[in-house]
Amino acid sequence: MTTTGLIHQAAKATTKLQLLTDDTIGMVLCDTAEALRKATEEILAANRLDLERMEHSNPKYDRLQLTPKRIEDIASDMQHVGTLPSPLGRTLSLTTRPNGMTIRKVSVPFGVIGIIYEARPNVTADVFSLCMKSGNVCLLKGGSDAAHTNRQIVEVIHSVLRAHGVDTAICTLLPSDREATACLLNAVGVV
């Protein structure tokens, strides 16, 4: 599928995400955290493929490198987000106009959030958990330096989404090329 097609598919998934209860979202996030823990070896193997293509002296090397401890931290953070109260539907302000009309400002999702990031595979999981908890679809555009690792993390996320009957397009990993960046930046009105 083209990058534009992936972006539009993600946009269509917003309505499906908004139908999920906070309990379901919390369960998906906690199950994904556990799935990340169980997939530690697969994630580390993918990460090694990315690390082999980068010089140790590159400043991005340490940011790219995952360890069992870093994966545990990613999973723990996701599990924590899963247990937080929903930010949706909260009254942010309440004003009564002179004519008696009450205006209520309520928190709602943005819809689709696009993130561009380099050599930080932890961002893949962090953005997914924060976006899902806040009712937003995420479009992830990671750098080519972390392509294998990002794909592996997204595959774990997708396996849990499928197990819960949730559309995997709510977490879409775009290709790591410049064309995908241009498409994402030009998706005005969609992202």
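**Notebook: fold, surface and cysteines**

I read the elements of the protein from the N terminus and got α-α-α-α-α-β-β-β-α-β-α-β-α. That comes to eight helices and five strands, taken as DSSP runs (H or I, at least four residues, for helices; E, at least two, for strands).

I noted that this is a predicted model, where local features need pLDDT of at least 70, side-chain atom pairs count only at pLDDT 80 or more, and totals for chains, interfaces and linings use all residues. Residues are numbered from 1 along each chain as its sequence is written, and side-chain values use heavy atoms, without hydrogens and water.

I looked up the overall dimensions next. The C-alpha atoms fill a box of roughly 65 × 35 × 30 Å along the principal axes. I checked the contacts (heavy atoms within 4.5 Å). Of those with a separation of 6 or more, 74% join residues 24 or more positions apart.

I then turned to burial (buried is under 20% relative accessible area, exposed over 50%, partly exposed in between; 1.4 Å probe, protein chains only). Buried residues make up 42% of the 191 residues.

Last, I went through the cysteines. I found zero disulfides in the structure, a disulfide being a pair of cysteine sulfur atoms within 2.5 Å. Cys30 is in none, and its nearest cysteine sulfur, that of Cys171, is 16 Å away. Cys30 is partly exposed, at 23% relative accessible area. Cys131 is in no disulfide either; the nearest cysteine sulfur belongs to Cys138, 4.9 Å away. I logged Cys131 as buried, at 5% relative accessibility.
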